[in-house]
Amino acid sequence: MAYVQHLSVRVPWHDTAWDGRICDDPLGNASCVLLENIGRRRDDELEVRLAGQTFDALPDGPPACAGERGGFLSSRDHVLRTSHPYRHNQVLKALKGASVPLPAWSVHGIPFRWLNRAQLLDDVMEQQPVDGYSTEAEQRAIDALGFEPAWVLHGDNQKAVIDTFFQDVVDGQSLVFFYLKHAPFEDHPRRILVGAALVASVTPPSRWPTAGPTPFPNHMWETVVRHTLRPDGSGGILLPMQALARLAADGTDVSRALAHAPETNCEFSYGTEHVPSDTAVAALLELKRAAEAAVDLGCGLPERSFGWLDEQLHRAWLRRGTAPGLPAVLSLLDVPHPTFAAREVTAAVGEGEDPWPALERALDGRGGPAAATAVVTPTRRKVWAALDRDRRQSLRLLARFDLTPDQVRRVCQQETVMPLSVAELLADPYAMVTCTVDDADPIPFEAVDRGCFPDLQLTDRHPLPVSEPLTDSDDKRRLEAAMATVLLRAQSEGHTLLPLEEMLEGLEGLSSVRPLRPSHAVLAAHELRAEDLDDDLDANWPQLCKTQIADGTAAYKLRSALWRNHAIREVVDQLRAAARHTAPKDLAATLDAVLDEQGEIAEADRADEFRARQEKAAALREMYESRFTVLNGPAGTGKTMLVKALVRRPEVMSEGVLLLAPTGKARVQLQNKVGHQAQTLAQFLSKSGRYEGGTARYLITGRPPREWQYGTVVVDEASMLTEDMLAALLDALEPRQRLILVGDPRQLPPIGAGRPFVDLERSARQGHSGSWPRVAPGWAELTVLRRQRAMGDSRHDLMLARWYSGDERGPGSDEIWQRLRQGENMPTLRAVPWNGRTAAQVVDDVLRDEFGVVEDAYGLSFAVSYGAGRTQRGASTYPDFFKAPARCGAWQILSPVRGTAHGTVELNRHLKRRYRRASLENALKVAWERKVPKPLGAEQIVFGDKVVHTRNGTLSAWDQTAGRMVNGYVANGELGVVTGQLKSPRMKKAPRSTEVEFSSQPGRRYKYGLGGGEDDVSLELAWALTVHKSQGSEFDTVIVVLPAAARSVSRELLYTALTRQTKRVVICHEGPLDDLIELTRATGSDTARRFTDLVVTPDPRTVLTPSGVDCGRIDARLVHVAVNGVMVRSKNEVILVGILEQLAPGAWAYEQPFKGTDGRTVLPDFTITPLSGPVIFWEHLGMLDNPRYAAKWQRRLKWYAEQGVLPEEDGGGPNGILVWTSDEHGVNEPEWRALAQRVIGAAAIRRARPTAVKRTAARPSNPGRP
């Protein structure tokens, strides 16, 4: 059977479905420009002018996206124009420009990984030979060129590589998969499949045209691949990506309809790649799953596409055969070129036959096909002879699964986290999944599932070589592995456990060969109900174990997660149980000294300052005395000042202090504010061997715990910690005196498993009586906002942020919305409606109004706005970017999204296009005229640009203080400005290295360049950042861009965005302001949607909006869910809802807007509307002990009276009756109920019909009846 090679081809995002037209909204396509070839070549102005027209409408040839296969579904021919990348080199000046004819329904494929010389020699040619490749010829070409590029250079070598790459691609049989690297879906998979087709024909490239001789031949790279896919769904399948993008933009969750490219190595990378047969089956299954999900969302697909999928799946299974993992097994046996050898052996047997017997005969020395005997050397026979029968059988079994060579090696050498014996493997191949759940590279369930349950014809002819047959899709081994996989993947969404309902949903969502829909009876029969499992910490198997949820039922949990919980709780419990310290008498004086350093206090501000110092003094005492403290408080309450005061104590310092923060930005702020050296968690944990940053995993090392000791350990921005990070930290060190976690639980939850800071804070808060100051054993909360006292009486920006905090609102809190509606420009807050403008136009206007930014010479006003100085040269003034790094946080644009017209990519691109054009032109000059490095990456980063580093790691830097090169750690998220390299008089050539100085590391210029890979540039433009990327940072002014579809963002995301500023926030909103009020409700909480059990059991409940819309299940322990499923803002409001449901069911509403005669709109807590008579407004007051709160309530009472709404005790008013309850004397449910009965009982209320649950009426007793 001849080997058939499948392909993958990367395409850019396109809003007209790749039909050979320019995008309808070019500036709305901020995904395609992240591909460098498009990012540096797209002519935005021209494409906007010609939007929606065919490629041939452009005067100078097709658009930049055509070079990245952006017209692969075009019905028209077009021509791609290209030039040799080294044409400017003197020895290649004879090379001419070339044209690549692209017929309709075609793509051009370039195997970049194969053409990268290092990867070709070190990786590709290790797996298979490339006939005709000459190392000597390659060296001669390099010598002639004068430098060594990363790519294969000699034309004959290029042709040999390309011919080898495409040699097994067969017309009409090979599949081609189209995929996206960047797409306008937030949090989308690394690669997204968009469709598939058959290869119709392959046309190899020709030599480069020349005008004369060259010292070595040069070959073109573009191989033209025609395919069979058509827009009507014939010849392939195309997912309705553009329709899904529109749904996503409107706030619909379309994640289930996105097809994950099943990449295990690099099958969907580097532009064009080989797709093995097993991966092709996986990709077709995933396309089918996503297509069905898209149909469920209302996005139709032609029925013929589903027919094509079924037909190709059948063929793909046959081509996959019985041994897709043979290359990895041959690699284990040290067979040279194992991929090539496996193909030769497979091709030597008939279609549908198992190649293993032929290989086994050759290894036994009993002959066999020539292809098999050719790969077997005497040494290989000796290795084989040394293996016992079970070991040989295990290799045969492993050949059934498409695993990587490293995965096969780890299984065979028992190097997985949970070792797997040969007997265990033969009894249960699915154990490869469960045994590697905690590995850095877990073996995917789907890969094993395809090997265990392939096409039925293959299964019947070639049974799986296992000691216990697998014939039932509900086999316990299969279900257990699938459930472990669901739990593992749920951790990436934040869950550390799953109730049964979520587990069953997860099983159904797997791209399995056969559906996974186990009944309760099946789970019970296999003892796979959660209650059948154990929670034994001393056991390490099986991987599935149990935990509990609030209703007493069991839920599922991974055993590693169970141990991780124990590791955290053990340390926390020990610290809590230890004897408390005794605070010194002068502790408050230390605090006063620190606070006095902040400057003079305005007279009008003294009352608030006195109250703020009172609560800080109480909190500092608890931090000092307790062995474990959780300090929480909203932004601006002064949490870091307490850390500074504690560290200022000499007895604390003498015991050793360790300050930690999760990000580089947070580390710098902590260090600068406290005045003591700080480290990032990644820096600290990398030395411990207990945490792997790349996979964000806690590693159980077996070494004695707590190797490092410090007196006091403080972790700032602790809300960003995952359970893995906290467990690794507590395993690595011993805080001898105290451990303090500082953070704000209202912010975004961490990226990864759990929400430990929230869980620990909620648990510690239970010991609080409700009085002020808010301090309890091991817990303190700051409430008085004191950020930037000089700003005046109120921080309106932080008042608005409080709406998104989940905390109880004050009686005057809705005044802030009224001010925003009226367009009031407050000192710290301003709302700017889009009013038909684009997001980019709104940003331009805001920058002009706030910072005086205009289009001027050299982009001066723009550069100065983010920190640049001014320098005079002759009559002209230029930006001085060497001053910018320290001040680049003067303002920051934040957006909830990345890849849309209002996302960070397009906003950055717009700002660069409008204000940085001259700098880009300077960087694009020819080498002998250029004084700065060439533009870097897809975003064309140049001298003076504000940038953000995107990957944790160590880089080389020039240290100006030391006067030498050093290595330094740069954290993901650090912000800086490009300040070099500039051409000096001593430099003969143009600068080649881009240098960045980060605000967190003044005086160090880190070097960046391109290395020839897919993701080599770890820099992005940063005038606009996503809210997630901004977490842990502070800026003077923040500009928040909120599109109308912002209703899909979480409450925590908006809270985070609205607390990044120290001076002012400007909200640019496309939709009505009232839409933003809806986002303040707990229904939009990401944190509450996580199910964790670090401290207490979760309480999963289905919740509703006030209008009755189902919002899914959340943990009710983190929010306040009333008896009817509606979420309210405080636990006492839950009690009131219970009373109202009994007395006025169906007649009350929560936070129903009430508009007064003065135009002001308020949100009474409860509005009860009787059939007749006045409306009843019910307010609940939670903080009357706060003077400011009480004063606002008095103003609210006066406003109600002006609207004709008077207190019940005064007989009510013509427009309504006002009643209120409070927490001033604690919870008094009987009194509240009596009030409700008195007020509501007098009104005519229509009772709701009873639900359809049987409820037998009580019957009067009849003693005379027998």
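Predicted model: local features only at pLDDT ≥ 70, side-chain atom pairs only at ≥ 80, totals over all residues.

Colleague: Okay. How many bridges join strand E11 to strand E12?

Modeller: Five bridges join E11 (residues 544-548) to E12 (residues 554-558). The two strands run antiparallel.

Colleague: Which residue in E12 is the bridge partner of Leu-544?

Modeller: Leu-558 is the bridge partner of Leu-544.

Colleague: And what do E11 and E12 form?

Modeller: They form a hairpin, with five residues between the strands. Gly-552 sits in the turn and has a positive phi of about 90 degrees.

Colleague: On to the sheet of seven strands. What is the order?

Modeller: The order is E28-E27-E31-E30-E29-E26-E32. The sheet is open and the pairing is antiparallel.

Colleague: Which strands stand at the edges?

Modeller: E28 (964-970) and E32 do. Each has a single partner strand, so one side of each is left without a neighbour in the sheet. Neighbouring strands of this sheet are turned by 45 degrees against each other on average, direction ignored.

Colleague: Take E27 and E31. How many bridges join them?

Modeller: Three bridges join E27 (residues 953-959) to E31 (residues 1004-1008), and these strands run antiparallel. Trp-958 stands opposite Arg-1005 in E31.

Colleague: Switching to charges. How many salt bridges does the count come to?

Modeller: The count comes to 94 salt bridges.

Colleague: Start with Arg-409. Which residue does Arg-409 form a salt bridge with?

Modeller: Asp-406, with the closest N and O atoms 2.5 Å apart. Both residues are in helix H16 (residues 405-412). They are three residues apart there, so about one helical turn separates them.

Colleague: What about Glu-855 and Arg-914: how do their side chains meet?

Modeller: In a salt bridge, at 3.4 Å from N to O. This pair links distant parts of the chain, 59 residues apart. Glu-855 is in the loop between helix H35 (839-851) and helix H36 (860-865), while Arg-914 is in helix H37 (residues 904-915). Glu-855 is exposed, with a relative accessible area of 53%. Arg-914 counts as partly exposed, at 35%.

Colleague: Which residue does Arg-898 form a salt bridge with?

Modeller: Glu-1020, with the closest N and O atoms 3.1 Å apart. That pair also links distant parts of the chain, 122 residues apart. Arg-898 is in the loop between strand E25 (891-895) and H37. Arg-898 is partly exposed at 27%, and Glu-1020 is partly exposed at 23%.

Colleague: Which residues are linked in a network of salt bridges?

Modeller: Asp-744, Arg-746, Glu-761, Arg-765, Arg-774, Glu-781 and Asp-807.

Colleague: New topic. Is Asp-814 buried or exposed?

Modeller: Asp-814 is buried, at 2% relative accessibility. The cut-off for buried is under 20%.

Colleague: Where is the place of Asp-814, and what is Asp-814 in contact with?

Modeller: Asp-814 is in the loop between helix H33 (796-803) and helix H34 (815-821). Beyond neighbours within four places in sequence, its contacts are Trp-803, Arg-1160, Thr-1161, Val-1162, Leu-1163 and Arg-1196. A polar atom of the Asp-814 side chain lies 3.1 Å from the backbone nitrogen of Leu-1163.

Colleague: Now helix H19. How many of its residues are buried?

Modeller: Eight of the eight, so H19 (residues 445-452) is largely enclosed by the rest of the structure.

Colleague: Last one, domains. What does the assignment give?

Modeller: It gives domain 1 (6-318), domain 2 (321-470), domain 3 (471-562), domain 4 (578-768), domain 5 (797-1078) and domain 6 (1101-1242). For domain 2 and domain 3, 28 Å separate the centres, taken over C-alpha atoms. Contacts between them involve 20 residues of domain 2 and 24 residues of domain 3.

Technical notes:
Residues numbered from 1 in each chain as written. Heavy atoms only, no water. Helix = DSSP H or I, 4+ residues; strand = E, 2+ residues; numbered from the N terminus. Buried < 20%, exposed > 50% of the residue type's maximum accessible area, 1.4 Å probe, protein only. Polar contact = N/O pair within 3.5 Å; in protein donor to acceptor, adjacent residues only side chain to side chain. Contact = heavy atoms within 4.5 Å. Salt bridge = Lys/Arg side-chain N within 4 Å of Asp/Glu carboxyl O. Pairing = 2+ DSSP bridges. Axes fitted to C-alpha atoms, helices over the stretch in contact; angles between N-to-C directions. Domains from an automatic or database assignment.
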